Amino acid sequence: MRGRLVLALIALALAIAGFGVYGALIVTGGGSPSPTPTPRANGTFVFEPAETPAPSSSPPVAPPAAVQAATPATTPATAQATAQAGDPQEVAVRYLAAWQAGDLAAMAGLVSAPPADFAERHRRFDAELRIAAPPSLTPETPRRRSALEAEVPFRGVRQITGLGPWPFSSALHLVRHAGLWRVRWTPQTMHPSLGEGKSLRLTETKVRRPATLTREGLPFPAGSRAGDYFTGLDGATTELKLRELPSGRVLLASPSKRDEATRTTISRDVQSAAARSLDGLQAPAALVAIDLRTRQVRAVADTLGGKGAFNGLYPPGSTFKVVTAAALLRTGLTSQSPVPCPAAYTIPNARRFTNAEPADRGVLPLTTAFALSCNTTFVQQSYERLRDGGLRAEAADRFGFREKPGLSSCRIRPHTDMNELGSDAIGQNSVQASPLCMAEVAAAAATGVWKPAVMTERPPADSPPEVPIGDEVAAQLRDMMGAVVTQGTAAAAGLPPGTAGKTGTAEVAGGRSHAWFIGYRGSLAFAAFVQNGGGGGATAAPVAARFLNALR
């Protein structure tokens, strides 16, 4: 390999000698470091600027005064370049280096009689073809045509947005006039397909393709409200082609995807029911459903935007009492343990908490307090039994409220005082979750095992392991969630028999409360969320009812 490099460099030296080049190829001008040609094994050079400009998403812009340059004497840098441009190879090196650096003024200064719109032609070429940055260029062995003409072939690569690299080959034609070598510029210098009567055009074409399918191999239902999560739901994709006109020859094209089809874990019927459950809502909302056995996502209907059903972080309000109840059951309470539900409760030396309903309900079984969503019960019991960090441990270790890979987002911080503990216990303060995270909570209560939701046939390799929450704890949670629907805050929502769940009304500073309902029925767990929708029982539970009744 080393021998080949030596032979290539000798060949290049002989070629340069034939042009009368005995000095260095590095020429400075305009007070800025010039690009340095780096030799390759094949005897060519790759220009590497001393200070490489950062890639730009738009064509380079020359100074307004320089854009009008018609002769090399229009700028000081151009005048200096002219004075030094005494050899065709040297001129080619400088021209290609300026082109690669996006210096249109310096390029014009090395051209014999450049057109008045020289810079504008380059800008228009780049804009119309969506070229993201100046090209990378590699000169090849120069050829002397006569004492007054020479040619330096070169290869280049442009980057077209949406298509990627576009390699091309062309040549710099140089002429000697008044003792100076200059580039004889034509549109073909930019690309050989720009000859007389020719042009280049980038076209977009919408093509039909199977795109993304449901798990049954069927198209997604119309108006699925899942477009943020899956591509090509309209059964079409865009193909880009770069064509030479008028020949129509395709120079570059995006890969065809007409024959590709991706099946998802989404059930067409479940997705349709989820999408229709959000009909008529004025506020942004989401409904997600997961399979209890596999935890595969069966539906995601989302008008929150930004994949809020998976990634959004919202206070879950009283739906988080499923987690708080699990932690309390682990301390020795049972679902039938008598607990007070006062109209208000003040944590010793801390703040006062109240319920949505101002009545003092006296002493109730824990199941009834849960069904009525009694804040004071859960704040008092958490203060008395979970002050040592038991609440956060339950949430993080058994219900997924921790930093983890996966589709859902949820979190809880360690409390720093009793006020924070009381607020965390009822799903406020540091507790935040996405609808998908709360569907995972409902699934854990239904099955006795927490597992992350997935959108693949099998869980990814980095997926967190499943965590048992305990059969006895899970059985009591199921009784408590069933009571919410039969005698509690969701009793009037029209939910079908066999549904169990929990309502949530999460307070938001400066805005209307978020409405939640999480639960399970049959083979599905789900979460319905309406941003700033008001009460969970009045707004979110009816959304879940429309969803479940559509599946009956």
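Is the link of Cys410 and Cys437 right-handed or left-handed? With 90° about the S-S bond, the Cys410 and Cys437 link is right-handed. Keep in mind as you look around that this is a predicted model. The structure holds two disulfides, and here is a friendly tour of both.

**Overall pairing**
- When the bonded cysteines of the protein chain are numbered in sequence order, they pair as 1-2, 3-4.

**Cys341 and Cys374**
- The sulfur atoms of Cys341 and Cys374 sit 2.0 Å apart, forming a disulfide.
- The torsion about the S-S bond of Cys341 and Cys374 is about 110°, so this disulfide is right-handed.
- This pair links distant parts of the chain, 33 residues apart: Cys341 lies in the loop between β15 (338-340) and β16 (344-346), while Cys374 lies in the loop between α10 (366-371) and α11 (375-385).
- Cys341 counts as buried because its relative accessibility is 2%, under the 20% cut-off.
- Cys374 counts as buried too, because its relative accessibility is 2%.

**Cys410 and Cys437**
- Cys410 and Cys437 form a disulfide with their sulfur atoms 2.4 Å apart.
- Here too the pair links distant parts of the chain, with Cys410 in strand β19 (residues 410-411) and Cys437 in helix α14 (residues 435-447), 27 residues apart.

Methods: Residues numbered from 1 in each chain as written. Predicted model: local features only at pLDDT ≥ 70, side-chain atom pairs only at ≥ 80, totals over all residues. Heavy atoms only, no water. Disulfide = S-S within 2.5 Å. Helix = DSSP H or I, 4+ residues; strand = E, 2+ residues; numbered from the N terminus. Buried < 20%, exposed > 50% of the residue type's maximum accessible area, 1.4 Å probe, protein only.
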